[in-house]
Amino acid sequence: MKASLTLTALAIGYEQVLLSQVSCRLYGGILVALLGRNGTGKTTLLKTLAGHLKPRNGTVEVGGYPLASLSGRRRALSIAYLPSHIEFDPFTTVYQFIEFGRFAALGWLAPRTQADRNAIETAAETVGVAHLLN
């Protein structure tokens, strides 16, 4: 199985380094949890992996390509990042949250097709939340 995301000697942070020498490979279809105390760099790591922050050192590869070499559109098609500080209507469904990941491919106003609905349902089944879609 080919790695979907590869981190090599990654260092992240702002004025100071929060995490350093992080190396791992993550594979598609695998659910990964990122755990740690407040202020230890979890969100900073996710922002770096999404391309919103530059690494202080090391590399991030997506599908075998350096993250820095991907265009914004290609990055958006490969990585879905939904910040935790965004407020949503409390009645937003799991289906709608998953649908946010389709916007890079479709745009905000494009009509949804059966193929889009199938992709959303497949994603939900893959991570075990199909029973929560509505």
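**Entry 1: the chain as a whole**

I started with burial: of the 134 residues in the chain, 21% are buried, where buried means under 20% relative accessible area, exposed over 50% and partly exposed in between, with a 1.4 Å probe and protein chains only. I noted that this is a predicted model, in which local features need pLDDT of at least 70 and side-chain atom pairs count only at pLDDT 80 or more, while totals for chains, interfaces and linings use all residues. Residues are numbered from 1 along each chain as its sequence is written, and side-chain values use heavy atoms, with hydrogens and water left out.

I then looked up the secondary structure and found five helices and four strands. Helices (H or I, at least four residues) and strands (E, at least two) are DSSP runs, numbered from the N terminus. Read from the N terminus, their order is β-β-α-β-β-α-α-α-α.

**Entry 2: the largest pocket**

Next I looked for open space. A pocket, on a 1 Å grid over the protein atoms alone, is an open set of points where a 1.4 Å probe fits, with protein on both sides within 12 Å along at least five of seven lines; lining residues have an atom within 4 Å of a point. Its volume is the space filled by probe spheres set on the points, which are joined across faces, edges and corners.

The largest pocket holds about 2,000 Å³. I found 49 residues in its lining, and Ser78, Ile79, Ala80, Tyr81 and Leu82 are the closest to the centre. Elements giving at least two lining residues include β1 (3-13), α2 (72-78) and α5 (114-126). The largest share, five residues, belongs to β2.

I sorted this lining by class: 35 residues are nonpolar, eleven polar and three charged. Here Ala, Val, Leu, Ile, Met, Phe, Trp, Tyr, Cys and Pro count as nonpolar, Asp, Glu, Lys and Arg as charged, and the others, Gly among them, as polar.

**Entry 3: the second largest pocket**

For the second largest pocket I noted a volume of about 190 Å³. Among its lining residues are Gly51, Lys54, Val60, Pro66 and Arg75. Strand β3 (residues 57-62) gives the most, three residues. By class I wrote down six nonpolar, three polar and two charged.

Ile86 sits in the loop between α2 and α3 and is partly exposed at 39%.

**Entry 4: salt bridges**

How many salt bridges does the whole structure have? I found two, taking a salt bridge as a side-chain nitrogen of Lys or Arg within 4 Å of a carboxyl oxygen of Asp or Glu.

One joins Arg112 and Glu99 at 3.2 Å, N to O. It links distant parts of the chain, since Arg112 is in the loop between α4 and α5 and Glu99 in helix α3, 13 residues apart. Arg112 is partly exposed at 21%, whereas Glu99 is buried at 16%.

Asp116 and Arg102 also pair, at 2.6 Å, N to O. Asp116 is in helix α5 and Arg102 in the loop between α3 and α4, so this bridge ties together parts 14 residues apart in sequence. I noted Asp116 as buried at 5% and Arg102 as partly exposed at 23%.
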